[in-house]
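User: I would like a close look at the charged side-chain pairs in this model and at the parts of the chain they join. Please keep it plain and state the cut-offs.

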Amino acid sequence: FTERGNHILQKLKEIRERKKMTQEELAAKSGVSRVTISMLESGAQDDAKASTLAKLADALDEPMESFF
C-alpha cells in the first residue's frame with residue numbers, strides 16, 4: 001500500500017457511507033463488481049485503475065478529485 005492509495009480507498013468508503021449506499025447499490029450503479037469494491041475498501045486490492053475510480057465517482061455523483 002502506498003499512503004496515497006490507502007487515502008483514496010478510505011475516501012471511497014467514507015463517501016459511499018455518507019451517501020447511505022451499500023456496496024451492492026454502488027456496484028449496480030457503477031458497473032464495478034461488488035467484490036472489487038469490497039476489495040478496494042478493505043485494502044485487499046490497492047491498485048484501482050483510473051477508469052474504475054471514474055465509474056465509482058460518477059455513480060457517487062462526486063468529482064474524482066474527491067478521492068484524493
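How many salt bridges does the count come to?

Analyst: The count comes to 6 salt bridges, a salt bridge being a side-chain nitrogen of Lys or Arg within 4 Å of a carboxyl oxygen of Asp or Glu. Side chains of opposite charge can pair when their charged atoms come close.

Some conventions come before the details. This is a predicted model, in which local features need pLDDT of at least 70 and side-chain atom pairs count only at pLDDT 80 or more, while totals for chains, interfaces and linings use all residues. Residues are numbered from 1 along each chain as its sequence is written, and side-chain values use heavy atoms, with hydrogens and water left out. The pLDDT is the predictor's confidence in each residue, from 0 to 100. Its average over the chain is 88, and 91% of the residues score at least 70. Confidence is lowest in helix 1, with a mean of 82, and highest in helix 2, with 98. Helices (H or I, at least four residues) are DSSP runs, numbered from the N terminus.

One of the salt bridges joins Glu-41 and Arg-16, with the closest N and O atoms 2.7 Å apart. Because Glu-41 belongs to helix 3 (residues 34–42) and Arg-16 to helix 1 (residues 3–18), this pair ties together parts that are 25 residues apart in sequence. Glu-41 is buried, at a relative accessible area of 13%, and Arg-16 is buried too, at 8%. Here buried means under 20% relative accessible area, exposed over 50%, and partly exposed in between (1.4 Å probe, protein chains only).

Glu-62 takes part in two further pairings, described in turn. With Arg-18, the side chains meet in a salt bridge at 3.2 Å, N to O. This pair links distant parts of the chain, since Arg-18 is in helix 1 and Glu-62 in the segment after helix 4, 44 residues apart. With Lys-19, the N to O value of the salt bridge is 3.2 Å. Lys-19 sits in the loop between helix 1 and helix 2 (23–30), so its pairing with Glu-62 ties together parts 43 residues apart in sequence. Glu-62 is buried, with a relative accessible area of 18%, whereas Lys-19 counts as partly exposed at 34%.

Ser-66 is buried, at 17% relative accessible area. Leaving aside residues up to four places away in sequence, Ser-66 touches Lys-11 and Ile-15, where contact means heavy atoms within 4.5 Å.

Helix 4 itself (residues 50–59) has Thr-52, Leu-53, Leu-56, Ala-57 and Ala-59 as its buried residues. They lie on the same side of helix 4 because they cover an arc of only 165° around the axis, the arc being that of the directions from the helix axis to the C-beta atoms. Ala-50 and Asp-58, on the other side of helix 4, are exposed. Asp-61 follows helix 4 and has a positive phi, near 55°.

Helix 2 can be read in a similar way. Its buried residues include Gln-23, Leu-26, Ala-27 and Ser-30. Their arc around the axis is only 100°, which puts them on the same side of helix 2. Just after helix 2, Gly-31 has a positive phi of about 85°.

Note on methods: Helix = DSSP H or I, 4+ residues; strand = E, 2+ residues; numbered from the N terminus.
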